[in-house]
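This briefing covers a ligand, its surroundings and the pockets of a protein. Look at the structure first, then read the points below.

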Amino acid sequence: MRKNIIAGNWKMNTTLPEGLALAKGLNEALIGKALACDVVIGVPFIHLATIAGAIDTAKIGVAAQNCADKEKGAYTGEVSAAMIASTGAKYVILGHSERRQYYHETSATLKTKVNLALANGLTPIFCIGEVLEEREKGKHFDVVDEQISNALFDLPAEEFARLVIAYEPVWAIGTGRTATADQAQEIHAHIRQTIAAKYGDDLAAETTILYGGSMNAENAKDLVAKPDVDGGLIGGASLSVGKFLPIIEAF
Ligand code: PGA
């Protein structure tokens, strides 16, 4: 069966000492707990090695929030997938709407990033989702289909099987306006159907699809109770153990 995952996305928050304290606090809070999901934290690049060395990475997977679209070389300021993997991180968040919007990431760039992440043994957490105007026009199904197919559908099945998908409606990110559990279920089922049409029912049934966008301790239970919602990608509420832990325990 597919994995349930609760993943934090710290975004550009926490200094290194603050981030280390947060990661260690979470690590301690999870000691001795039998969890019904995998736990991941997406931390700033400069935190990766320190945090991966300070926590039990068998219990908490460490993720980067981006990687370069080049393998190595003269690309000042960039961080490669190989560098990320060398820190002990196991995941990389790719295609987050903030990166698409503010850093102009396109499906073509993301396709390259996904390939490099996979080639370096990282699990991409690949984000998709529509903006409010697209939802209001009823275009959200087409938008996610295009985002998936343009960036991911050239992958052979055995590579696609290594991905995690995160559906994040842009209008719900950081706004406090979450999708309802029914809205999430409806589009997650659609996404799974799209994957099934390309790769077959078995692979679609094995694909973890996370929900993201103002997920918190209050709404997490309803969301993860839906059959096609396999966990969450959590921004704001992942920045404190007290808010993140109840989401992990929602399963
Ligand atoms: P949020 O962010 O939980 O703060 O809405 C989610 C995300 O951007 O991954």
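How many Å separate an oxygen atom of the ligand from a polar backbone atom of Gly174? The distance is 2.7 Å. Taken alone, the ligand exposes 280 Å², and the protein buries 95% of that. The model is a predicted one.

**Around the ligand**

- The ligand has 13 residues around it, and those that come nearest are Lys11, His96, Glu168, Gly174 and Ser214.
- By class, this shell consists of four nonpolar, seven polar and two charged residues.
- His96 places a polar side-chain atom 2.6 Å from an oxygen atom of the ligand.
- For Asn9, an N or O atom in the side chain is 3.5 Å from an oxygen atom of the ligand.

**The pocket that holds the ligand**

- It is the second largest pocket in which the ligand sits.
- The space in the second largest pocket is about 280 Å³.
- Its lining has 21 residues, and Ser214, Met215, Gly235, Gly236 and Ala237 lie nearest the centre of this second largest pocket.
- The lining of the second largest pocket divides into 12 polar, six nonpolar and three charged residues.

**The largest pocket**

- The volume of the largest pocket is about 420 Å³.
- There are 14 residues lining the largest pocket, and Lys11, Met12, Gln65, Arg99 and Tyr103 are the closest to its centre.
- Helix H4 (residues 97-102) gives three residues to the lining of the largest pocket, which is the largest share.
- Seven nonpolar, four polar and three charged residues make up the lining of the largest pocket.

Methods:
Residues are numbered from 1 along each chain as its sequence is written. This is a predicted model: local features need pLDDT of at least 70, side-chain atom pairs count only at pLDDT 80 or more; totals for chains, interfaces and linings use all residues. Side-chain values use heavy atoms; hydrogens and water are left out. A residue is near a molecule or strand if one of its heavy atoms lies within 4 Å of it. A polar contact is a pair of N or O atoms within 3.5 Å; within protein, one must be able to donate a hydrogen and the other to accept it, and residues adjacent in sequence count only if both atoms are side-chain atoms. Accessible areas come from the Shrake-Rupley method with a 1.4 Å probe; for residues, only the protein chains shown count as cover. On a 1 Å grid over the protein atoms alone, a cavity is a set of points where a 1.4 Å probe fits but cannot get out, and a pocket is an open set with protein on both sides within 12 Å along at least five of seven lines; lining residues have an atom within 4 Å of a point. A molecule sits in a cavity or pocket if more than half of its atoms lie within 2 Å of its grid points. Ala, Val, Leu, Ile, Met, Phe, Trp, Tyr, Cys and Pro count as nonpolar, Asp, Glu, Lys and Arg as charged, and the others, Gly among them, as polar. Grid points are joined across faces, edges and corners, and a volume is the space filled by probe spheres set on the points. Helices (H or I, at least four residues) and strands (E, at least two) are DSSP runs, numbered from the N terminus.
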